[in-house]
Amino acid sequence: MADIFELFKKISGDKKETAGPPTHLIVGLGNPGQEYLRTRHNAGFIAADFIARQLGVECSSVRFRSMNAAAELEGQKILLMKPQTFMNRSGEAVGEAASFYKIPPENILVLVDDIYLPPGRMRIRAGGSDGGHNGLKDIIYHLDSDRFPRIRIGVGEKKQGNLVDWVLGKLTEEDLKKMTPCFSACCDAAALIINGKTDEAMGRFNGMQPSSD
């Protein structure tokens with residue numbers, strides 16, 4: 001399979017930046033640094049990169065302790081973010097941007113890995129607990145709310161070793177192939193969610209099945 005990260009090199013040079021402050025945040029969670037590329041814990045970063053490519057932007061601006069890009073998605077002004085604070089402190093970047101733009105929790109969409117879903121599955125939720133995920137836990141703490149939607153992207157259950165080693169382990173080519181339809185679907189799902197159609201997004205994407213190819 002061709003390296004999916006080669007797709008990122010095809011991002012258009014014409015940046016489709018949008019004027020005016022964002023009304024929504026779309027936040028992909030992960031850890032910064034070359035050593036964390038393609039790790040299971042960075043599924044949120046990968047999803048954010050797919051959304052950026054589909055919107056013709058690149059998360060290259062540095063603000064709010066994140067790599068980010070301003071864009072427009074289905075009529076909504078968004079700030080696409082990849083926090084550079086490391087996973088366990090994701091809430092610091094999210095809270096800072098939310099406070100600056102006065103964005104309420106319900107207008108913050110988080111893209112995050114999920115070890116309880118197999119690669120190729122995604123699950124959308126309108127809010128709820130952190131489910132044991134430290135990135136979500138820190139965002140809940142800094143927003144003082146768990147009422148923000150999230151797209152959970154399956155990376156598979158731990159098969160060996162401890163949990164930290166598992167989530168910081170590299171995704172296999174086979175798993176990346178299964179997950180690519182989910183990454184591609186995140187933009188359409190996000191468009192529905194930020195326009196108040198979370199139930200429709202759940203109906204369309206929570207039933208996605210891993211590819212049998």
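These entries record what I looked up in a predicted model.

**Conventions.** I number residues from 1 along each chain as its sequence is written, and I use heavy atoms for side-chain values, with hydrogens and water left out. Because the model is predicted, local features need pLDDT of at least 70 and side-chain atom pairs count only at pLDDT 80 or more, while totals for chains, interfaces and linings use all residues.

**Overall layout.** I find 6 helices and 7 strands in the chain, taken as DSSP runs (helices H or I, at least four residues; strands E, at least two) and numbered from the N terminus. Of the 213 residues, 54% are buried, that is, under 20% relative accessible area, with exposed meaning over 50% and partly exposed in between (1.4 Å probe, protein chains only).

**Salt bridges.** I searched the whole structure and found 7 salt bridges, each a side-chain nitrogen of Lys or Arg within 4 Å of a carboxyl oxygen of Asp or Glu. One of them joins Lys82 and Asp49 at 3.0 Å, N to O; Lys82 lies in strand β4 and Asp49 in helix α1, so the pair ties together parts 33 residues apart in sequence. I note that Lys82 is buried at 13% relative accessibility, and Asp49 likewise counts as buried at 16%.

Another salt bridge links Asp114 and Arg152 at 2.9 Å, N to O, connecting strand β5 to strand β7 across 38 residues; both residues are buried.

**Helix α3.** In residues 134-143 I list Gly135, Leu136, Asp138, Ile139, Ile140 and Leu143 as buried, and the buried residues of α3 pack against α2, β5 and β7.

Conventions:
Contact = heavy atoms within 4.5 Å.
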